[in-house]
Amino acid sequence: LHEEKTQEPSAFLGTILATLGMLFHQTAIFFNLALAISSLRGGDWKRTVSKLKRYVVIPISAVTFFYVLATGLTGVEMSPSPVLRFATSYAHSGWWGGVERRTGWLSFHGLIDSMISIESLEAWLPLSGILALAAVVSLATLLRMWRAARMGGIHLNASQQSLLTVIGLWAAMHSLFVAWWYPENIEFWIILTPAFFVSIAILAINLETGNRRSVLTAIVLALLLEIGVNARQANSVCSAGNRNLKYSVGIASIVKESDVVLTTGQGPLAAYLRYFCSCQVVSVHGFLGMDIPRPEVDVTGEITSGIRGISEAALQGGGSIIVDDDLWGGVIANTRDLQRFDPKPLLEWLHQYHVSIQDTGDGLAYIISPDSLIRSKQLR
């Protein structure tokens, strides 16, 4: 009776954590599935069904409920097809999913980058050297632990073996998915960080005393290196974020409701501008929507004519066009929906206007006033 009482809170908390994990990131389903699969080993079907309910059925039901709720709030017709389309819209964009010749390389690069910033390491060592060193160290560590295990140097109890089984299943399923879905993105690989640390900790504490000290020393040194390198990258990212934040606040302070702000829309800048600005913010990136443009779509023509129409309407209504410094300078990355976009026509149209330049303190803003429209018409 005492055992049953002590297990109930554990099962309840496990269900809550599994559900929160699914709501945080849907790829947590692989961890839930690993728990469910590992439960099949005991042959106790009643216990297996109970775990399936706790770690798969309830979390998926919770996620489904919130997707249905969100679909309803958007005013879309409440039937299975629209809800499913809304819930899986990310997967229908056409940008992710597939296996290429570079998939293996991108997966390895993304995995290493999720643990220690390759961008920061490249300041001291070329990329090829970094990845080669990572491969050698990983292989040497695995061989050492395999040899120690063969010599009887690692002794795992039943609970540790069970935990490593779950971690192994989780890492395998998650890795296969990420390699197919988006292998170079650290957002997906970083989820496996707890698996690495828990596995290394279990193996390290179970090594023979003579080996344990050297392994723990190596782990501490590796963690110190990781903290130092990642801190450098974090500082760089924070600096860029702060600059975008201050730049957006600076632009917001000079706009009025009838104006239009034009931005490249790449990175967090567009989100900041939309949050702070009281006027319409138009981004080049994402102008045609989330889905990949079809081959027959004239990407350059539609983006250029669309932005031009919105901007000239604002000028005719007495508003101004405020162009961010990257867009004015043509710093537009031809990625995702802009792969077939030629920025030249858009820039030629913008540069025909006389502009006033205002320093926001963290970047320049190029302002096209209603007077500029009159001048351009006179020139024509």
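Q: How much of the chain, out of its 380 residues, counts as buried?
A: First, a heads-up: this is a predicted model, where local features need pLDDT of at least 70, side-chain atom pairs count only at pLDDT 80 or more, and totals for chains, interfaces and linings use all residues. Residues are numbered from 1 along each chain as its sequence is written, and side-chain values use heavy atoms, with hydrogens and water left out. Buried means under 20% relative accessible area, exposed means over 50%, and partly exposed is in between (1.4 Å probe, protein chains only). Of the 380 residues, the buried share is 37%.

Q: What is the mean pLDDT of the chain?
A: pLDDT is the predictor's confidence in each residue, on a scale from 0 to 100. In this chain, 88% of the residues reach 70 or more. The mean is 82.

Q: How many contacts beyond near neighbours in sequence does the stretch of residues 1-9 have in the model?
A: Contact here means heavy atoms within 4.5 Å. Over residues 1-9 the pLDDT is below 50, and where pLDDT is low, the predicted coordinates should not be read in detail. The number of such contacts for this stretch is zero.

Q: How many helices does the chain have?
A: Helices (H or I, at least four residues) and strands (E, at least two) are DSSP runs, numbered from the N terminus. The chain has five strands. Its helices number 16.

Q: Which residues of helix 15 are buried, and why do they sit on the same side?
A: The arc is the one spanned by the directions from the helix axis to the C-beta atoms. The buried residues are Leu346, Leu347, Trp349 and Leu350.

Q: Which residues on the other side of helix 12 are exposed?
A: In helix 12 (residues 269-276), Leu269, Ala270 and Leu273 are buried. They share one side of helix 12 because their arc around the axis is only 95 degrees. On the other side, the exposed residues are Ala271 and Tyr275.

Q: Are the rings of Phe30 and Phe177 stacked, edge-to-face or tilted?
A: Rings of Phe, Tyr and Trp (its six-membered ring) pair if their centres lie within 6.5 Å; planes under 30 degrees apart count as stacked, over 60 as edge-to-face and the rest as tilted. Phe30 lies in helix 2 (residues 29-38) and Phe177 in helix 8 (residues 158-181), so this pair ties together parts 147 residues apart in sequence. Phe30 is buried at 15% relative accessibility, while Phe177 is partly exposed at 22%. Their centres are 5.3 Å apart and their planes at 40 degrees, so the pair is tilted.

Q: What kind of aromatic pair do Tyr275 and Phe276 form?
A: Tyr275 is exposed, with 68% relative accessibility, and Phe276 is partly exposed, with 33%. Their rings are 5.0 Å apart centre to centre, with 85 degrees between the planes. That makes the pair edge-to-face.

Q: Where does Ser320 sit, in terms of helix and strand?
A: Ser320 is buried, with a relative accessible area of 8%. Beyond four places in sequence, its contacts include Lys256, Asp259, Leu315 and Ile367. Its place is the loop between helix 13 (299-316) and strand 3 (321-324).

Q: Which helix holds Trp189?
A: Trp189 is buried at 4% relative accessibility. Leaving aside neighbours within four places in sequence, its contacts include Ser107, Leu111, Val178 and Pro183. The helix, spanning residues 186-189, is helix 9.
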